[in-house]
Amino acid sequence: MKRAGGFKGIKGLLVKDFKFFLQNKTLLGVLLMIEAVFFAMQGISGATFVMIYMMMGTGMLVLSTITMDEYDKNMAFLMTMPVSRKDYVLEKYVLSLLCVLFGWVMALLPCLLLKPDGMGKLLAQSLGILAVMVLLQMLALPAQLKFGGERGRVVLACIFAVAALAVVFAKKAGGRYMGPERMQTWAGRIGEAVYKMDMAETGCIAAVICVVCFAVSFWISKGIMEKKEF
């Protein structure tokens, strides 16, 4: 007999995970303390690094909840509750978006205080970084659900390594077949076009990327979860 899930089940899982965060509030405090120290040392020039750091840090908290759920057969207990496997996966994705957005806001607030007159371009840049961080989180969640703890992190590291090698290969191949000068000009035009985008254009592109990545990643994770045995 299929158990009822839906909104109440997802809400219950969110409450469970937020309580886990509160139990680990020291880690959140460390994230905020490092952010404050970095802004004190670098000022607004360190905004890009702080955004990446905060969003990656809060995203890792979500992956740690999956590790805790799988620890000592806790997942088998969760599946006896009125929560479907689809609900469990959806809750992790909702939690990921909330946590990454929290990290984004926590990085933007000091920028607003330090340089309120330059927030237009900075906000547009931050939306691009947010889209990249969401993409990374969408890669991390299926890997964590499939392989769990340490193996999941190893697989994720391998994915990033392959992506980096692909970028290097594309750069070398482009330089070889297009010529270094033409390749540099082409890359410069792309960079200039991205830099000239306003907040609305950047936001729309970021939103489309996030929605597509969310849908594909969720479909993969749901399939992984449905095949798991506890």
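View 1. The side chains of K92 and D69 come together in a salt bridge, 3.0 Å from N to O (a salt bridge being a side-chain nitrogen of Lys or Arg within 4 Å of a carboxyl oxygen of Asp or Glu). K92 sits in helix α5 and D69 in helix α3, so this pair ties together parts that are 23 residues apart in sequence. Both K92 and D69 are buried, and K92 has a relative accessible area of 0%. Here, buried means under 20% relative accessible area, exposed over 50%, and partly exposed in between (1.4 Å probe, protein chains only). A note on the source: this is a predicted model, in which local features need pLDDT of at least 70, side-chain atom pairs count only at pLDDT 80 or more, and totals for chains, interfaces and linings use all residues. Residues are numbered from 1 along each chain as its sequence is written, and side-chain values use heavy atoms, with hydrogens and water left out.

**View 2. D17 and its two lysines.** D17 forms a salt bridge with K92, the closest N and O atoms being 2.9 Å apart. With D17 in helix α1 and K92 in helix α5, the pair ties together parts that are 75 residues apart in sequence. D17 also forms a salt bridge with K16, where the closest N and O atoms are 2.6 Å apart. D17 counts as buried at 1% relative accessibility, while K16, at 27%, counts as partly exposed. The structure holds six salt bridges.

View 3. Helix α1 covers residues 7–23 (helices are DSSP runs of H or I, at least four residues; strands are runs of E, at least two; both are numbered from the N terminus). Buried in α1 are G9, I10, L13, L14, D17, F20 and F21. Seen down the axis, these buried residues fall within an arc of 135 degrees, so they line one face of the helix (the arc is taken from the directions from the helix axis to the C-beta atoms). An α-helix has 3.6 residues a turn, so residues three or four places apart point the same way. The buried residues of α1 pack against α2, α3 (47–70), α4 (74–78) and α5 (85–114). Turned away from that buried side are the exposed residues F7, K8, K11, K19, L22 and Q23.

View 4. L27, V30, M33, I34, V37 and M41 make a nonpolar surface patch of about 540 Å². Patch members have over 30% relative accessible area and no salt bridge; like charges are joined within 9 Å, nonpolar side chains (Val, Leu, Ile, Met, Phe, Trp, Tyr) within 5 Å. V37 belongs to helix α2 (residues 25–42) and is partly exposed, with a relative accessible area of 44%.

**View 5. The whole protein, for orientation.** The protein has nine helices and zero strands. Of its 230 residues, 35% count as buried. The accessible surface comes to about 14,100 Å², of which 72% belongs to carbon and sulfur atoms (Shrake-Rupley method, 1.4 Å probe; for residues, only the protein chains shown count as cover). Among contacts between residues at least 6 apart in sequence, 79% join residues at least 24 apart, a contact being heavy atoms within 4.5 Å.

Definitions and conventions:
The expected span of a helix is 1.5 Å times one less than its number of residues.
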